Amino acid sequence: MRQGVTHVLMALGINDLNLSESKTDKESHIPTLEEFRKVCQKMKSESEDRGIKVLAFSIYPGAVDEKREKVRQGYNKVLKKELGEGYVEIEEILSVPGENKYKEGYGFRDGVHL
């Protein structure tokens, strides 16, 4: 671990969790909420043991179908529960109200990446 590190920022996208509509369930493993919870707990515990605070952005909703949207919301609930004050809700800040897209100037052309 590098000296002077005080924070870790976890900024996962739907593609990092295999939730993109371009993938099929047969092509890739979508982590269960329990698997995701265990990873979050381990990351937080190991970081805090070193005096490092973990922050995590909410997972943005771009390019997910209805089934994967429920999973994405579940991941965000896990992040919020496991990281507490370290959870940073970006959806309300970046999204056009009532639409599944970024406000002008915040997102990349693909609608998924910041």
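**Labels and the values behind them**

Analyst: Happy to! The chain exposes about 7,700 Å², and carbon and sulfur atoms supply 51% of that area. Please keep in mind that this is a predicted model. Along the sequence, the chain follows the pattern β-α-β-α-β-α.

User: Why is Asn76 called buried?

Analyst: Its relative accessibility is 7%, and buried means under 20%, so Asn76 counts as buried. Asn76 is found in helix H2, residues 66-83.

User: What does the side chain of Asn76 reach, and what makes that a polar contact?

Analyst: The side chain of Asn76 reaches the backbone nitrogen of Ile59 at 2.7 Å. A polar contact needs N or O atoms within 3.5 Å, one able to donate a hydrogen and the other to accept it. Leaving aside neighbours within four places in sequence, Asn76 is in contact with Ser58, Ile59, Tyr87 and Glu91.

User: What makes Arg37 and Glu34 a salt bridge?

Analyst: Their side chains meet at 3.1 Å, N to O, and the cut-off is 4 Å between a side-chain nitrogen of Lys or Arg and a carboxyl oxygen of Asp or Glu, so the pair qualifies. Arg37 and Glu34 are three residues apart in helix H1 (residues 33-49), which means about one helical turn separates them.

User: How far apart are the closest N and O atoms of Glu82 and Arg37, and which parts does the pair tie together?

Analyst: They are 3.6 Å apart, again within 4 Å, so this is a salt bridge. Glu82 lies in helix H2 and Arg37 in helix H1, so the pair ties together parts that are 45 residues apart in sequence.

User: Why is Lys42 called exposed, while Glu46 is called partly exposed?

Analyst: Exposed means over 50%. Lys42 has a relative accessible area of 51%, so Lys42 is exposed, whereas Glu46, at 37%, counts as partly exposed. Salt bridges that share partners also join Glu34, Arg37 and Glu82 into one network.

Note on methods. Residues are numbered from 1 along each chain as its sequence is written. This is a predicted model: local features need pLDDT of at least 70, side-chain atom pairs count only at pLDDT 80 or more; totals for chains, interfaces and linings use all residues. Side-chain values use heavy atoms; hydrogens and water are left out. Helices (H or I, at least four residues) and strands (E, at least two) are DSSP runs, numbered from the N terminus. Accessible areas come from the Shrake-Rupley method with a 1.4 Å probe; for residues, only the protein chains shown count as cover. Buried means under 20% relative accessible area, exposed over 50%, partly exposed in between (1.4 Å probe, protein chains only). Contact means heavy atoms within 4.5 Å.
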